[in-house]
Amino acid sequence: MLGVVMWYSVLFAFCLLHSARGQVSYSIPEEMAKGSNVGNIAQDLGLDLHRLRLGKARIYTGDNTEYIGLNKDTGLLFIKEKMDRESLCVKTTPCALHLQLILENPMELYTITIEITDINDNPPNFEKKRIHFQISESAVTGARFMLEGAVDADVGVNGLQSYSLKPTDHFVLELLSQPGGDKKVEMVLQRPLDREKKGVVTLLLTAIDGGDPQLSGTVQIDVTVLDVNDNSPVFAQKDYKATLTENAAKGTKLTTVSATDADEGSNGQVTYYISSKEDIVRKMFIIDQHSGEVTLNSLVDFEKASHYQLDIQAKDQGGLSDSCKLIIDVLDINDNKPVINLLSMSNSVSEDSTPGTVVAMMKVDDADSGVNGQIHCIINDNIPFALTSSSSSNFISLRIEQQLDREKDAEYNISVTCTDQGVPALSSSAFLSLQISDVNDNAPVFEKTNYEASVVENNTPGLSIFSVKASDADWNQNARVSYILEDSTVNGVSVSSYVSVQPDSGLVTAMRSFDYETLKHLHFRVKAQDGGSPPLSNNVTVKITIQDQNDNAPQVLYPVQTGGSVVAEIVPRAADVGYLVTKVVAVDVDSGQNAWLSYKLQKATDRALFEVGLQNGEIRTVRQVTDKDAVKQKLTVVVEDNGQPSRSAVVSINVAVADSFPEVLSEFTDFTREKQYNDNLTFYLVLALAVVSLLFIVSIISIISVKIYRWRQNKLFYKSGANLPVIPYYPPVYADGTLQHVYNYEMCGTTDSRMSDVKFVRPYSQNTLVSQSHLGTVQREKKEQEVDDLTLEQKPPNSDWRFPPNQRPGPSGAGVRPDEAGAGPGVIAGTGPWPNPPTEAEQLQALMAAANASEATATLGPRYNLQYGPEYRQNVYIPGSTATLTANPQQQVPQQALPPPQALPPAEVPKAAQTPASKKKPTKKDKK
């Protein structure tokens, strides 16, 4: 045995080493002495010996027996306990130990696999030292007798390989391979027995393994030859199957095997035996020798063995036997809870740790298999941690999943629950406690998003207004808050001259007296800063509203009170009740109730004509105007605010009860003379601007009017050229010089027609007559020159063109002309008075005749015949005027009558009149 161990020690020197990314594999033989070196783990993993010592390297085995040790100084793995492969793994191949190397600071895990190879240290062994058979001499050739096989604890080539039987005079061995890899040994009768020759046959059965050197075991077989029993028992079937639930109760019936023997008597009585060679099987199951019923004798554990195979033998009294196989499958039940082993854990972690940091490492095992051994681990909800597990092992890590916040949770009590998938499911829990250390990651937060306060104006400096308050969710020094007033300006002045903020308490104090009319709102910002490193801060907007006091009287905006002029409101005598005279407009710079204004008349009698609206200040009539009411009235309106105490203002309004402005003017003339005008520079500037603007507009209008007028004159002249002479018509001045003056009248109208008036301004004379000699036949190319030759003097018309007395315009029953009445040549025509005053109908007829005559001249032209003309009056009368025109001295000379139309000489046919677009543009000389 010592030589075998030494040989395997030499073999260990050439063991294969496999390492890859945190996993190392070693292979060693069993039965190595204590202290033997396995391998240099530090060198194989590339770890420094200093790292092993500082990382507190240790080997985790998972059970109580530590077979492998670690020398931290040298990095060598060594044997702490001698290992027997047969005790550790029984028949399992390969046989390996799975260890874990754990390091801390930082945490690291390496997997170590140590394969234990088998050595030939166990010979084949028979359970019995002697085997007895009773065989009838009538046993036929080929009869089979099952032998108890040997057991070799070694595996592989070192296990049981072959059998040999000596002597072989009557029997030979036959090995039958089974599905499980085992071999069933049967002794076959080769030659019939003869009890008379030899009553007992002794045989030696030898079992040999395949080790080097080979080991063997022997058992002696004693065969007693019986008298004739030529029928052996026969099983109904060669293979029986049964199922068994693990942890089933003792005495549970599995199945019943049955064998029959054709012999009679004692040779036909069959007894049953369990012929399995494993001792644990014979102890776990029992069979009734007479009935063949197989029952459970002890508890079975699926985790130790999932199926069993029983060899059952049936014998008769003559020693004949038969065998069958009973395969028992054990059904797993979920009878094992997951086991949680805490490998390493950190007691505290900083709140600014990055997600993914490992804080704990655990291993979870479940002895069940299949679904019952599948484990799922969870942690309590609503925590910033998560579990990560390896797909190839049961190691799980507790990692930070989200950013930690100590202000929300300073400590976490983490419950890790692992549950298998069995029915019913079994679970186990482990509880971990983790402290979170603080960092300055929270800025101070004010209790409000903005602060508003109010203070009454005219306050005393140093008045405490209110306090701002901020809190910091951090801890200790990081949560200490101080308040700072941020620098800003209000109306160009630093805010610090208005208010101040105490650093510790946040109390806001007024530094001066406030005036509502100057400053209604005060906005500034206050910063709260903590004591962390680096410090964090936050700010808030503060609004202080200045409350108004009634310290200002109302101010009247309308009517405007001036010292040098009188403004009067005119009320017509026909005004209805409620007639709006004027409206008093006043304001109060105060606010709120202090600015509510009310209006009332200072002096009001029972017969008062006016009243003022209490709220709107409108002055209206309360009754009809009577003749007893004075034309000039003065109203005094008191405007009062609603403050405590109230303040007021007084305004005087002049009201004139009249229907026309002259009437009003006469009443206020004396009053206005007493007033002194106090004009300022602004008035003169506005007046000058208005005059210049008016002159500019008038000039533009005049130029446009002259242009239009000349264009119209040219158009009339172009159309008048013909063979026949044109009847001269000069509206509104007639050929006999009846009216030479044209009068302008300015009419002023109001909404009330009864108050309209027409005012005479001034007369002016404008001769619009053209020379008769230029109206005969006019050449087109000379028309523009003829327009320029128009004279301002009135030419006497031809006396032959005068209307007969019965067709002359004038009032009804007017007398004859002065020359027809016998007046001499020295008498000036048109200087006598009007014979009779014209009526209104005659005035209207005269105006219409003038308009019709102008239209007829423009449309009829040279074809207009005198005999078809209407009867015009001799004189044009304008109401309100008796002025006469002075005739031109040339009119004193009698004019020769024109010949009849048929005797007129032929005139040159005029060319087509020019259109305004085809006219020749006048030159500067022509314009002059």
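A disulfide is a pair of cysteine sulfur atoms within 2.5 Å. In general terms, a disulfide is a covalent bond between the sulfur atoms of two cysteines.

**Entry 1: basis of the work.** I noted that this is a predicted model, in which local features need pLDDT of at least 70 and side-chain atom pairs count only at pLDDT 80 or more, while totals for chains, interfaces and linings use all residues. Residues are numbered from 1 along each chain as its sequence is written, and side-chain values use heavy atoms, with hydrogens and water left out.

**Entry 2: disulfides.** How many disulfides does a search of the whole structure find? I recorded 2 disulfides. With the bonded cysteines of the protein chain numbered in sequence order, I wrote the pairing as 1-2, 3-4.

I looked up C89 and found that a disulfide joins this residue to C95, with an S to S distance of 1.7 Å. The link of C89 and C95 is right-handed, with 65° about the S-S bond. I noted both C89 and C95 as buried; buried means under 20% relative accessible area, exposed means over 50%, and partly exposed lies in between (1.4 Å probe, protein chains only).

I then turned to C377, which a disulfide joins to C418 at 2.1 Å from S to S. The link of C377 and C418 is also right-handed, and I noted 110° about its S-S bond. C377 lies in strand 28 (residues 375–379) and C418 in strand 31 (residues 411–420), so the pair ties together parts that are 41 residues apart in sequence. Strands (E, at least two residues) and helices (H or I, at least four) are DSSP runs, numbered from the N terminus. C377 counts as buried because its relative accessible area is 17%. C418 is buried too, because its relative accessibility is 0%.

**Entry 3: strand 48.** I followed the side chains along strand 48 (residues 597–601) and saw them alternate. Which strand pairs with strand 48 over 5 bridges? I found strand 51 (residues 632–641), in the antiparallel sense; two strands pair if DSSP finds at least two bridges between them. The bridge partner of S598 in strand 51 is E640.

**Entry 4: helix 7.** I located I704 in helix 7 (residues 681–720). I704 is partly exposed, because its relative accessible area is 46%.
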